[in-house]
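Subject: Structure for your review

Hello,

Please find the structure below. My notes on the ligand and the pockets follow it.

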Amino acid sequence: MKGLVIIPTYNERENIAPRQGGKRDPLRYGILDAVHHHLPQTDILVVDDSSPDGTAGLVKKRMRKDRRLHLIEREGKLGLGTAYIRGFKWALAHGYDYAFEMDADFSHDPRDLPRFVREIEQGADLVIGSRYIEGGAVEDWPRKRKLLSYYANIYARFGTSTPIKDMTAGYKCYRTEVFPRIRLEDITTDGYGFQIEIDYRVYRAGFKVVEIPICFRDRRVGVSKLNKRIVWQALFLVPKLWLWNLWR
Ligand SMILES: Nc1nc2c(ncn2[C@@H]2O[C@H](COP(=O)(O)OP(=O)(O)OP(=O)(O)O)[C@@H](O)[C@H]2O)c(=O)[nH]1
Ligand SMILES: [Mg+2]
């Protein structure tokens, strides 16, 4: 089976590129190396939104030596949701069997990658790296953010009647057959709302969803792109999906 890891980026230069530091330097390797270390046969697609810090330039430099690496450049910061949708369509068009969602900032431990693939091979259609099942965890987040995430997930799960414990998770792997069946072009949400909406659609379409435990860590370096708009969007999405459930 042919796999693709999709990594959306906005100003992730330090997470993409390795530095020349010594053994003790935690930034001496980048996310691209880490992915290929754990999944050597898998391609990577970076979807960059013209990051002012030159993230795309670094990726291009590496592409000269690495045929497993691909890049889509968009003309401005257009959001995480549409970046993934663009990546999913690209995966379909290029004949990949499964595609990952993964952050560039090392919140998603690359060592977990092979466990997702094993689940896909055993018949899962969507594998979610979950913080809220037995064995899952969140490290180094401030208490406030931990609580917000925990209760947001309870809200999303009950509000949408979807039996998924971590609906805002962003470390996931899809069998690409799923994409044509969930009308990707109708999804307009971003960030957390995007994750909730896509999980809801995959589950409702009757696909097999599996959660595996992961430990989520705070970003290694760089600035968060989380904003209030993303939180509000997710908040209003849940009652919308609830009404949708009633109507159908
Ligand atoms: N292409 C693209 N990538 C984005 C955009 N917003 C965020 N990203 C990337 O999506 C991934 C997740 O974004 P983060 O800012 O880490 O969001 P988060 O994990 O909820 O928040 P922090 O970990 O606190 O920063 C990272 O790789 C970002 O660079 C965007 O508008 N366009
Ligand atoms: Mg992050």
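How far does a polar side-chain atom of Asp105 lie from an oxygen atom of ligand 1? The distance is 2.8 Å. Please keep in mind that this is a predicted model, so the distances here are computed from predicted coordinates.

Two further contacts with oxygen atoms of ligand 1 are on my list. Asp103 places a polar side-chain atom 3.4 Å from an oxygen atom of the ligand. On its own, ligand 1 has 620 Å² of accessible area, and the protein covers 93% of that.

The shell around the ligand

Ligand 1 is surrounded by 18 residues. The closest of them are Glu12, Asp49, Asp105, Arg145 and Arg219. By class, the shell holds eight charged, seven nonpolar and three polar residues. Two elements, β1 (3-9) and α4 (80-93), each contribute at least two residues to this shell.

The largest pocket

Ligand 1 sits in the largest pocket. The space in this pocket comes to about 770 Å³. Its lining is made of 35 residues, and those closest to the pocket centre are Leu80, Asp103, Arg219, Lys225 and Leu226. Two or more lining residues come from each of β1, α4, α7 (191-204) and α8 (228-247). Among these elements, α7 gives the most, with three residues. The lining divides into 13 nonpolar, twelve charged and ten polar residues.

β1 and α4 supply residues to the ligand shell and to the lining of the largest pocket.

The second largest pocket

The second largest pocket holds about 280 Å³ of space. Its lining consists of Tyr29, Ala34, His38, Phe106, Asp109, Pro110, Arg111, Asp140, Arg217, Asp218, Arg219 and Arg220. Seven of these residues are charged, four are nonpolar and one is polar.

Regards

Notes. Residues numbered from 1 in each chain as written. Chains lettered and ligands numbered in written order. Predicted model: local features only at pLDDT ≥ 70, side-chain atom pairs only at ≥ 80, totals over all residues. Heavy atoms only, no water. Near = heavy atom within 4 Å. Polar contact = N/O pair within 3.5 Å; in protein donor to acceptor, adjacent residues only side chain to side chain. Areas by Shrake-Rupley, 256 points an atom, 1.4 Å probe, with all protein chains shown as cover. 1 Å grid on protein atoms, 1.4 Å probe; cavity = no way out; pocket = protein on both sides within 12 Å on 5 of 7 lines; lining within 4 Å. Sits in = over half its atoms within 2 Å of the grid points. Helix = DSSP H or I, 4+ residues; strand = E, 2+ residues; numbered from the N terminus. Nonpolar A, V, L, I, M, F, W, Y, C, P; charged D, E, K, R; others polar. Points joined across faces, edges and corners; volume = space filled by probe spheres on them.
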